[in-house]
Each structure stands twice: as C-alpha cells, then as structure tokens.
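This report describes selected helices, their packing and the aromatic residues of one protein model. Please keep the sequence and the structure at hand while reading.

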Amino acid sequence: MTTASRSEADTHNRNERDLEEGIVTDLRQRETYGSYLDLDRLLSAQHPVSVPEHHDEMLFIIQHQTTELWLKLMLHELSKARELLAADDLREALKPIARIKHIQDVITRQWSVLATLTPTEYAQFRGFLGTSSGFQSVQYRAVEFALGNKNGRMLRVFDNHAENHALLLAEYERPTLYDEFLRFVARRGLAVPQEILDRDVREPYREHTDLIPLIREIYVNHHEHWELYEACEELVDVEDNFQFWRFRHLRTVARTIGWKRGTGGSSGVDFLRRALDLTFFPELYSVRTEIGA
C-alpha cells in the first residue's frame with residue numbers, strides 16, 4: 001500500500017466509529033426505540049391535504065402537532081402541580097411549574113420555524129384547510145382553563161367529540177392552579193378572603209382587590225414567607241411566558257396572512273390581540289403598583 005493509500009485509509013478510519021461489543025443489534029422480539037415511542041404511528045400521522053401537495057404544508061402540520069404534544073405535557077404537569085398544592089407540598093409543586101416554564105420557552109421559540117413560511121407559500125395551500133383552526137385546539141383551551149381563563153361557551157365547540165368535551169369539562173369543573181395556590185396560602189394561616197376560597201371555580205378568575213394587601217405582605221416581608229414569595233414569582237413567570245407565546249403567535253400570523261380573517265372565522269390578528277388583555281393571576285401584577293408607593 002502506498003503512503004497516499006495508507007493516509008486515505010487512516011482518514012476513513014478516523015471518521016468511522018466501531019460499534020461496541022455489548023450494543024444490541026438483533027432487535028427481534030425486543031422493545032425498541034421505535035416501538036416504545038410508537039414511531040410508526042407518530043411519523044405516519046402527517047397527512048397533507050393540498051392538491052397537488054405543497055412542500056411547505058409538512059412544516060405547517062408538524063409545527064402544530066409538536067405544539068399539541070407539548071400542550072399535552074403541560075396539562076400533565078399542571079395536574080400534578082395542583083395535586084401537590086392540594087396535598088400541602090408547595091416545594092414539590094414548584095418542580096412541575098418549573099418544567100411548564102421550559103415547555104413554554106420551547107413552544108414560543110418554535111414560532112420562528114413557522115415564521116419561515118412566507119405569505120406566498122402559505123396562500124398556495126391555505127384554502128385546503130377549510131374551517132380548521134388553532135381556535136379548535138381542545139388542549140390549548142384546557143391549559144387556559146387550568147390557569148384560570150374559563151369560558152363555558154367553549155364547551156359547545158367540542159359537542160361533536162365526546163372525548164375532547166369530557167377533557168375540557170373536567171378542567172372547567174376543576175380548581176385552577178391559582179385556586180389551589182390561594183387555598184394553600186389560606187392553610188398557611190394567611191387571611192385569604194373567604195369569597196375567593198368559596199368561589200365557583202367554573203367561572204373565570206377575576207381580580208379581588210382585597211387580596212392585594214395579603215400579596216403585598218408576602219412580597220414586603222418575603223424573608224418570613226420565602227416559599228410563598230418564590231411561588232408567586234414562579235406564577236408570574238408562567239403568565240409572562242404565556243403572554244410571550246400569545247404575542248409571538250400574533251406576530252407570526254400578521255407576517256404570514258396580514259389582517260385576513262382566520263380560517264376558523266375569527267377576525268385573525270385583532271382576535272389574537274385581544275387575548276393579550278387576559279390575565280391569570282391579576283393580583284400578582286397589581287401588587288407591583290402598591291410596593292414602594
């Protein structure tokens with residue numbers, strides 16, 4: 001072998017990693033990565049409807065499917081956080097809340113992928129979507145319900161799908177994350193107004209100004225209420241992140257379709273803009289005006 005040939009062989013070897021002897025390569029009759037994750041079904045769940053099929057529709061489908069997977073996990077974590085708060089375990093409850101914040105970061109950043117879809121590209125397959133719309137996402141509505149933005153009229157949207165209706169109804173009738181937190185605060189001996197503790201949890205949460213002095217006490221004397229103080233800031237993070245997601249959604253829609261109506265019949269950008277006025281934990285923001293005033 002010439003020197004040049006040996007050099008080429010050495011280069012090839014350096015770019016090839018040998019399989020270690022213990023690595024399993026015979027996957028017959030075994031649980032595998034693909035079977036555990038049900039990848040055959042997951043990766044065959046993308047069904048473009050445009051004719052002829054438009055290249056960018058795959059991006060549109062996968063963007064929304066992955067968001068739905070993250071929403072499923074967010075609901076899973078919101079449920080756990082509420083269970084732990086109800087069991088008086090605030091410290092453990094902060095772990096799923098922290099995970100929710102990371103999920104929010106991921107689904108917000110992935111709007112930048114969809115934003116690569118230009119108006120011209122989207123227009124070539126948008127008409128094939130019919131009346132399908134993100135407005136119809138039952139998991140998104142369930143997350144909003146879990147955080148306090150409840151709206152009984154949304155249940156009608158899912159009357160034709162028993163499983164989705166049952167999911168949303170369960171969240172509609174369940175205490176929100178803020179409800180469970182305030183109940184925990186009351187059990188810690190702080191004077192949460194009784195009307196809040198007794199409120200109808202099916203109603204959207206609305207600000208109670210008589211709660212603000214209690215929240216102010218937690219913030220001003222945070223060394224005495226450190227865990228509650230930390231939890232308040234974690235909840236503020238969750239709401240801020242949700243608003244960042246809403247705003248990024250709005251801007252992505254604006255750059256892709258402008259001020260057209262949404263496929264589901266909404267006013268589009270204007271409808272999304274009004275969502276920015278919604279709040280989950282109003283007293284945690286109002287207290288900031290009181291502190292140091």
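## Aromatic residues and helix packing

F280 and F281 are both buried, where buried means under 20% relative accessible area, exposed over 50% and partly exposed in between (1.4 Å probe, protein chains only). The model is predicted: local features need pLDDT of at least 70, side-chain atom pairs count only at pLDDT 80 or more, and totals for chains, interfaces and linings use all residues. Residues are numbered from 1 along each chain as its sequence is written, and side-chain values use heavy atoms, with hydrogens and water left out.

**Aromatic pairs**

The structure holds 15 aromatic pairs. Rings of Phe, Tyr and Trp (its six-membered ring) pair if their centres lie within 6.5 Å; planes under 30 degrees apart count as stacked, over 60 as edge-to-face and the rest as tilted. Two of the pairs are tabulated here.

| Pair | Centre to centre | Angle between planes | Class |
|---|---|---|---|
| F145 and Y172 | 6.0 Å | 45° | tilted |
| F280 and F281 | 6.0 Å | 55° | tilted |

Helices here are DSSP runs (H or I, at least four residues), numbered from the N terminus. Both F145 and Y172 are buried.

F280 and F281 also belong to one aromatic cluster, together with W111, Y140, Y178, Y205, F242 and W245. Elsewhere, R288 lies over the face of Y285, at 6.0 Å from the ring centre. A charge sits over a ring if NZ of Lys or CZ of Arg is within 6 Å of the ring centre and within 35 degrees of the ring normal.

**Helix α8**

How many residues of α8 are buried? The count is 10 of its 10 residues, and the helix is mostly covered. They include Y140 and F145. The buried residues of α8 pack against α4 (57–86), α9, α10 and α13; contact means heavy atoms within 4.5 Å.

The axes of α8 and α9 are 9 Å apart, and the two helices pack at an angle of about 10°. α8 is therefore roughly parallel to α9, a label for angles under 35 degrees, with over 145 counted as roughly antiparallel, 65 to 115 as roughly perpendicular and the rest as oblique. Axes are lines fitted to C-alpha atoms, for helices over the stretch in contact, and angles run from 0 to 180 degrees between N-to-C directions. On the α8 side, V138, Q139, R141, A142, F145 and A146 meet N164, L167, L168, E171 and Y172 of α9. After α8 comes G148, whose phi is positive, near 125°.

In helix α12 (residues 212–220), the buried residues are I212, L214, I215, I218 and Y219. Seen down the axis of α12, these fall within an arc of 160°, so they line one face of the helix; the arc is that of the directions from the helix axis to the C-beta atoms. The buried residues of α12 pack against α10 (177–187), α13 (226–257) and α15 (282–290).

Helix α13 contains T256, which counts as buried at 9% relative accessibility. Not counting residues up to four places away in sequence, T256 touches L117, P119 and Y122. H249 is also found in α13 and, leaving aside its neighbours within four places in sequence, is in contact with W111 and L272. The C-alpha atoms of H249 and E68 are separated by 14 Å, with the two residues 181 apart along the chain.
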